[in-house]
Amino acid sequence: MSTTSANANRPPPKAKAAVSSKPIAENRRARFDYHLTEFFEAGIVLEGWEVKAIRAGQVQLTDGYVMIKGGELFLIGCRINPLRTASTHISPLADRTKKLMLKKDEIRRLIGKTEQKGFTIVPLNLHFKGSNIKADIALAKGKDLHDKRDTEKKRDWEREKGQLMRHAAKGRA
């Protein structure tokens with residue numbers, strides 16, 4: 001079987017980028033400190049060195065929050081540590097404010113809700129969607145101290161229940 005000259009000169013097909021659904025960085029304190037009501041997925045405006053650092057896992061979202069300024073959303077407190085191999089012609093700022101991209105009607109809805117008493121916007125995680133990096137954000141209301149204690153009790157009970165079930169299963173075997 002012979003190949004045609006057009007196929008012989010063609011380079012091999014490129015491998016597609018792996019799509020990862022697991023989060024790159026998570027803000028676990030958000031679920032503990034807030035009642036989350038509405039969830040949104042927003043794009044992030046990033047520089048090239050930031051994308052490389054995020055792919056290398058050099059991102060921390062724990063102290064991040066979302067602020068509304070001039071009808072636009074900005075992610076503040078998301079720390080992206082620059083790689084040592086970053087270009088010498090740039091001066092990377094680890095705590096740079098990043099713009100979030102949402103549809104206008106979603107932004108208007110968030111602005112209206114945050115003007116109500118007690119609502120805020122918190123980032124939940126960063127993840128890949130195709131080759132893009134997206135942020136899951138949520139409209140949230142702060143928990144009272146007794147709510148946090150209830151959350152801790154439920155979490156401890158679930159952990160203890162799992163241990164009891166494992167021990168019971170080992171005892172039967």
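Reader: Which residues touch the most other members of the largest nonpolar core?

Author: In soluble globular proteins, nonpolar side chains tend to be buried together. A nonpolar core is here a set of buried Ala, Val, Leu, Ile, Met, Phe, Trp, Tyr and Cys residues joined through side-chain atoms within 4.5 Å. Buried means under 20% relative accessible area, exposed over 50%, and partly exposed in between, with a 1.4 Å probe and protein chains only. The largest core has 26 residues, of which L73, L100, L102, L110 and I137 touch the most other members. Two or more residues each come from β2 (34–44), α3 (48–55), β5 (72–76), α4 (104–114), β8 (119–129) and β9 (132–142). Helices (H or I, at least four residues) and strands (E, at least two) are DSSP runs, numbered from the N terminus. Another core, apart from this one, has 6 residues, including L36, V122, A138 and A140.

The model is predicted: local features need pLDDT of at least 70 and side-chain atom pairs count only at pLDDT 80 or more, while totals for chains, interfaces and linings use all residues. Residues are numbered from 1 along each chain as its sequence is written, and side-chain values use heavy atoms, with hydrogens and water left out.

Reader: What does L100 touch, not counting residues up to four places away in sequence?

Author: Contact means heavy atoms within 4.5 Å. With that exclusion, the partners of L100 include I44, V66, L73, F74 and I137.

Reader: Which residues of α3 are buried?

Author: In α3 these are W49, E50, A53 and I54. They lie on the same side of α3, because they cover an arc of only 135 degrees around the axis; the arc is that of the directions from the helix axis to the C-beta atoms. Their cover includes β3 (59–60), β6 (79–80), β7 (98–101) and β9. Just after α3, G57 takes a positive phi of about 85 degrees.

Reader: How many salt bridges does the structure hold?

Author: Side chains of opposite charge can pair when their charged atoms come close. A salt bridge is a side-chain nitrogen of Lys or Arg within 4 Å of a carboxyl oxygen of Asp or Glu. The structure holds 8 of them. In one, K129 pairs with E41, with the closest N and O atoms 3.0 Å apart. K129 lies in strand β8 and E41 in strand β2, so the pair ties together parts 88 residues apart in sequence.

Reader: Where do R159 and D156 lie?

Author: Both belong to helix α5 (residues 145–172), 3 residues apart, and are separated by about one helical turn.
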